[in-house]
Amino acid sequence: MTTDSIDGPHPIARRGLMLILSSPSGAGKTTISRALLKSDGNITMSISVTTRPPRPGEEHGKDYFFITEAEYHRMVKAGELLEHARVFDNFYGTPRAYVEKQLVEGHDVLFDIDWQGTQQLKASAGGDVVSVFVLPPSIEELEKRLRGRAQDSEDVVRKRMSRASHEMSHWPEYDYVVVNRTVEQSIAQVNSVLVAERLRQRRRAPGLVAFVNSMRGET
Ligand code: 5GP
């Protein structure tokens with residue numbers, strides 16, 4: 001376990017947390033994640049594996065690890081994925097080793113995964129999980145954003161729009177809900193969640209025991 005800057009120059013060791021951001025495709029969660037990663041030195045992104053082909057501009061090892069179905073099934077069987085799910089027509093999963101190492105070292109990990117993966121992580125690692133659902137400001141805006149992206153065919157856009165209402169029905173399963181009216185406000189709100197969750201006593205207990213004992217003259 002290491003430390004971060006929430007206590008200023010004398011940080012107290014804590015375990016990392018798992019911050020999940022879920023939303024229907026196009027609600028703006030990627031923009032929020034990028035801003036968070038840029039502004040906060042103690043959170044890293046969990047890079048998923050997927051069997052879907054890369055979109056223009058996407059990089060292997062940065063956006064996803066693009067793998068074959070055979071490799072995906074091998075990883076599932078070998079227990080190398082912390083959670084995995086079929087989303088649309090493709091398979092996705094979270095590599096286990098990276099996440100576990102980060103948490104033990106006291107680093108927080110950010111996840112861009114769907115409600116199925118969130119349910120699995122809550123079941124297997126509930127105490128470490130903080131989940132945030134990002135809603136679009138309106139269905140019209142969601143459609144506009146999906147079309148503005150211009151990377152998917154009309155068929156895919158239509159399919160995603162019909163999935164959006166189903167995905168949005170899962171908001172009550174999340175700890176926090178952010179309505180993405182402006183990117184700045186949403187980033188500030190997710191950041192507030194992160195700051196508060198880092199201060200939870202159960203995450204900090206090991207470091208706090210030593211800290212308080214030292215103030216009380218005990219070892
Ligand atoms: P896209 O193909 O547009 O990048 O992602 C489609 C959906 O898959 C998004 O809702 C995204 O959050 C979800 N997703 C991406 N990676 C994972 C993963 O590792 N596990 C799960 N359960 N969902 C994922």
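At 18% relative accessibility, F88 counts as buried, where buried means under 20% relative accessible area, exposed over 50% and partly exposed in between, with a 1.4 Å probe and protein chains only. This is a predicted model, in which local features need pLDDT of at least 70 and side-chain atom pairs count only at pLDDT 80 or more, while totals for chains, interfaces and linings use all residues. Residues are numbered from 1 along each chain as its sequence is written, and side-chain values use heavy atoms, with hydrogens and water left out.

**Stop 1: F88**

Select F88 and look at the backbone around it. F88 sits in the loop between strand 5 (81–87) and strand 6. Helices (H or I, at least four residues) and strands (E, at least two) are DSSP runs, numbered from the N terminus. The phi angle of F88 is near 55°, a positive value in a residue other than glycine.

**Stop 2: the ligand**

Select the ligand next, then the residues around it. Which of the 17 residues around the ligand come nearest? They are S48, R52, Y64, Y92 and D112; a residue is near a molecule or strand if one of its heavy atoms lies within 4 Å of it.

- S48 has a polar side-chain atom 2.7 Å from an oxygen atom of the ligand.
- R55 has a polar side-chain atom 2.9 Å from an oxygen atom of the ligand.
- E83 has a polar side-chain atom 2.7 Å from a nitrogen atom of the ligand.

On its own the ligand has 510 Å² of accessible area, and the protein covers 95% of that. Accessible areas come from the Shrake-Rupley method with a 1.4 Å probe; for residues, only the protein chains shown count as cover.

**Stop 3: aromatic pairs**

Stay with Y64 and Y92, and show their rings. The structure holds four aromatic pairs. The ring centres of Y64 and Y92 are 5.8 Å apart and the planes are at 55°, so this pair is tilted. Rings of Phe, Tyr and Trp (its six-membered ring) pair if their centres lie within 6.5 Å; planes under 30 degrees apart count as stacked, over 60 as edge-to-face and the rest as tilted.

The Y64–Y92 pair links distant parts of the chain: Y64 is in the loop between strand 3 (49–50) and strand 4 (65–66), and Y92 is in strand 6 (residues 90–95), 28 residues apart. Y64 counts as buried at 16% relative accessibility, and Y92 counts as buried at 13%.

Now move to F133 and Y174. Their ring centres are 5.0 Å apart with the planes at 65°, so the pair is edge-to-face. This pair too links distant parts of the chain, with F133 in strand 8 (residues 129–135) and Y174 in the loop between helix 6 and strand 9 (176–179), 41 residues apart. F133 is buried at 2% relative accessibility, and Y174 is buried at 8%.

**Stop 4**

Select V99, which is in helix 3 (residues 96–104). V99 counts as buried at 1% relative accessibility.

Then select E141, in helix 5 (residues 139–149). Is E141 buried or partly exposed? E141 is partly exposed, with a relative accessible area of 23%. E141 and A27 are 114 residues apart in sequence, and 8.4 Å apart in space, C-alpha to C-alpha.

**Stop 5**

Select helix 6 (residues 154–168), which has 15 residues. From its first C-alpha to its last, helix 6 reaches 21 Å, close to the 21 Å expected at 1.5 Å a residue. The expected span of a helix is 1.5 Å times one less than its number of residues. In helix 6, the residues V157, R160, M161, A164, E167 and M168 are buried.

Helix 7 (residues 183–198) has 16 residues and reaches 23 Å from first C-alpha to last, close to the 22 Å expected. Its buried residues are S186, V190, V193, L194, E197 and R198. Viewed down the axis of helix 7, these buried residues fall within an arc of 130°, so they line one face of the helix; the arc is that of the directions from the helix axis to the C-beta atoms.

End at R198, which lies in helix 7. R198 is buried, with a relative accessible area of 6%. Show D40 as well: a polar contact of 2.9 Å joins the side chains of R198 and D40. A polar contact is a pair of N or O atoms within 3.5 Å; within protein, one must be able to donate a hydrogen and the other to accept it, and residues adjacent in sequence count only if both atoms are side-chain atoms.
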